[in-house]
Amino acid sequence: MDYIIEKDTMGEVRVPADRYWGAQTERSRNNFKIGAPASMPLEIIHAFGYLKKAAAYTNHDLGVLTKEKRDIIAQVCDEIIAGKLDEHFPLVIWQTGSGTQSNMNVNEVISKRAGVLLGGKLGEKSPIHPNDDVNKSQSSNDTYPTALNIAAYKKLIENTIPGATELLKELSRKADEFSQIVKIGRTHLQDATPLTLGQEFSGYAMQVQNGIAAIKATLPHLSQLALGGTAVGTGLNAPKGYDLKVAQYIAEFTGLPFITAPNKFEALAANDAIVSTHGALNQLAVAYFKIAQDIRMLGSGPRSGIGEIHLPENEPGSSIMPGKVNPTQNEAITMVCAQVIGNQTTISFAGANGHYELNVFKPVMAANFLESAQLLGDAARSFSQNCVKGITANKDRIEELLNNSLMLVTALNTHIGYEKAAHIAKSAHRNGTTLRQEAINSGYLTAEQFDEWVRPEKMVGNLE
């Protein structure tokens, strides 16, 4: 491999001759060989493209950057946003906790690429300086959390919420489709009073709806950007009005409602918006887990389980048992939920580590947040399309289990009292007989009264 010699404040560094990064990126690449190469999420890099472009425009408006430099920086930023320079961002998550090396990676790539676009050769000194021009009015301490919030917000809007919304629609459709199918309810994994299969699915739909609402409720805090706080929140080396204007440009370029954080000290020293929003993602993961597990158990069998619903048969389930089909979509989404719930622990711990004026766990928060947001959106979409959409009711099995349940006796409470009703249920269970037979044998009511009072379709409530 051919190399060129780059210099920084610590001396000379050999950098691959065909790459746009510089000395500080190369030092980080060599000093942090931890985990998979280039593991810094590209969403963060693309978000840096938006903020560096906005910074260039703001610096020009405030008279500290020429129009020529603004335009060439913006041109490179557009390439970064479009993913055209992804191969030039080789750094890992496991670096300095402020993300300084990734900020410098972006600065160096913009500098070198700008030099080439202006007619120079890769390796020659660029007229666009990575610190003095690209990083003007900025610090890693305010750029990385800004990139994090931009990337997180975009991922939620573009993937997580649409995926959840698709699942919500399918669950709601099933709730309507199954609205007249009366089945036995279960609490504590034991028989309970009846409800409709549609009512059961409506509960699942509401869980997803509440999860979406929880995410949306956190977006105003997530929209507050740290940019303009520079090193410790005071805005040192940034011109007056920079923070307001740069946030306006980021909002314009992204099409999202970003604003400047009202308190830059909080925005740098803590990442509470990330903690809060991931808490909402955690809520959604908990909901998905419950829903998928319920559906998995309702579809268990096909002959020796509950078997009240049929799940779509997507692929063979066993290499040894012919004809076996497994609830694979349920297994996939619940594994995703386990990952997200684990990510919640990482983010909570990382968010707690804001020492004085700076949180120093930002890259790991970025990686875990973006993974959660991506996985939840993808899994919801897959589960919706490949499982929920194709669920059908096994009406014969539902009726069999409904009529065999002892908890229909609850309908007798208001007629003969709890203790007499309990005596009938326990006798039926002990003797292996039906509720109707034991009710008649008890002398507490007649056959005609039992048939009038114990009607499952009348026990599902008066809710609209």
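This report covers the cavities of a predicted model and one of its helix pairs.

## Basis

The model is predicted: local features need pLDDT of at least 70, side-chain atom pairs count only at pLDDT 80 or more, and totals for chains, interfaces and linings use all residues. Residues are numbered from 1 along each chain as its sequence is written, and side-chain values use heavy atoms, without hydrogens or water.

## Largest cavity

The structure holds three cavities of 30 Å³ or more. A cavity is a set of points on a 1 Å grid over the protein atoms alone where a 1.4 Å probe fits but cannot get out; lining residues have an atom within 4 Å of a point. Volume is the space filled by probe spheres set on the points, which are joined across faces, edges and corners.

The largest cavity holds about 120 Å³. Its lining has 15 residues, with Asn149, Gln224, Ala267, Ala270 and Ala273 nearest the centre. Two or more lining residues come from each of α6 (140-177), β5 (224-225), α9 (264-269) and α10 (272-298). Helices (H or I, at least four residues) and strands (E, at least two) are DSSP runs, numbered from the N terminus.

## Second largest cavity

This cavity has a volume of about 40 Å³. Among its lining residues are Leu311, Pro312, Asn386 and Cys387. Helix α11 (residues 328-351) gives the most, three residues.

## Helices α1 and α4

Helix α1 (residues 23-31) packs on helix α4 (residues 100-117) at about 140 degrees, with axes 8 Å apart. Axes are lines fitted to C-alpha atoms over the stretch in contact, and angles run from 0 to 180 degrees between N-to-C directions.

Note on methods
1 Å grid on protein atoms, 1.4 Å probe; cavity = no way out; pocket = protein on both sides within 12 Å on 5 of 7 lines; lining within 4 Å.
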